[in-house]
Amino acid sequence: MNIHVGLNVVNLERSIEFYTKVFGERPVKVKNDYAKFMPEHLQLNFTLNAIPEVSGNQVGHFGIQVEKQEDIDFHKDRLTKSGFFTRDETNTTCCYALQDKFWITDPDGNEWEFFHTKQDVENNKKEQFCCQ
């Protein structure tokens with residue numbers, strides 16, 4: 001099974017460039033108002049749909065959970081080298097878990113977190129972007 005996310009975007013080319021860097025691969029299908037990514041390393045069907053206007057962030061956030069801390073370091077380094085500003089959170093309690101993570105923002109203002117869960121915890125301290 002694949003998770004499907006359909007995202008409305010204003011500038012398709014900028015969004016394709018952004019998500020090509022995030023996923024580390026090109027879309028499998030591109031039309032004048034549409035692009036489809038099927039990242040090999042994720043069970044995700046991710047589409048971009050061009051529309052005239054996007055008003056605000058329509059979702060709380062998106063996230064990619066990785067298996068180990070080294071994966072966080074790898075993706076942060078890779079995306080920083082691609083010119084993305086990253087916002088770090090280490091040893092943060094979120095969604096009943098102790099996590100290390102970093103955040104990036106796509107061209108339409110959608111927040112993405114890459115996170116590694118260190119352990120489950122009993123409290124749910126909600127960070128600004130966590131668990132929305």
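Asp77 and Lys81 both belong to helix H2 (residues 69-81), where four residues, about one turn of the helix, separate them. Helices here are DSSP runs of H or I with at least four residues, strands are runs of E with at least two, and both are numbered from the N terminus. The two residues form a salt bridge, with 3.1 Å between the closest N and O atoms; the term denotes a side-chain nitrogen of Lys or Arg within 4 Å of a carboxyl oxygen of Asp or Glu.

Asp77 is partly exposed at 38% relative accessible area, whereas Lys81 is exposed at 67%. Buried means under 20% relative accessible area, exposed over 50%, and partly exposed in between (1.4 Å probe, protein chains only).

## Basis of the values

The model is predicted: local features require pLDDT of at least 70 and side-chain atom pairs pLDDT 80 or more, while totals for chains, interfaces and linings use all residues. Residues are numbered from 1 along each chain as its sequence is written, and side-chain values use heavy atoms, leaving out hydrogens and water.

Glu111 is buried, at 9% relative accessible area; Arg87 is partly exposed, at 27%.

## The wider set

The whole structure contains seven salt bridges. Another pairing is that of Lys68 with Asp71, with an N to O distance of 3.7 Å. Lys68 is partly exposed, at 43% relative accessibility.
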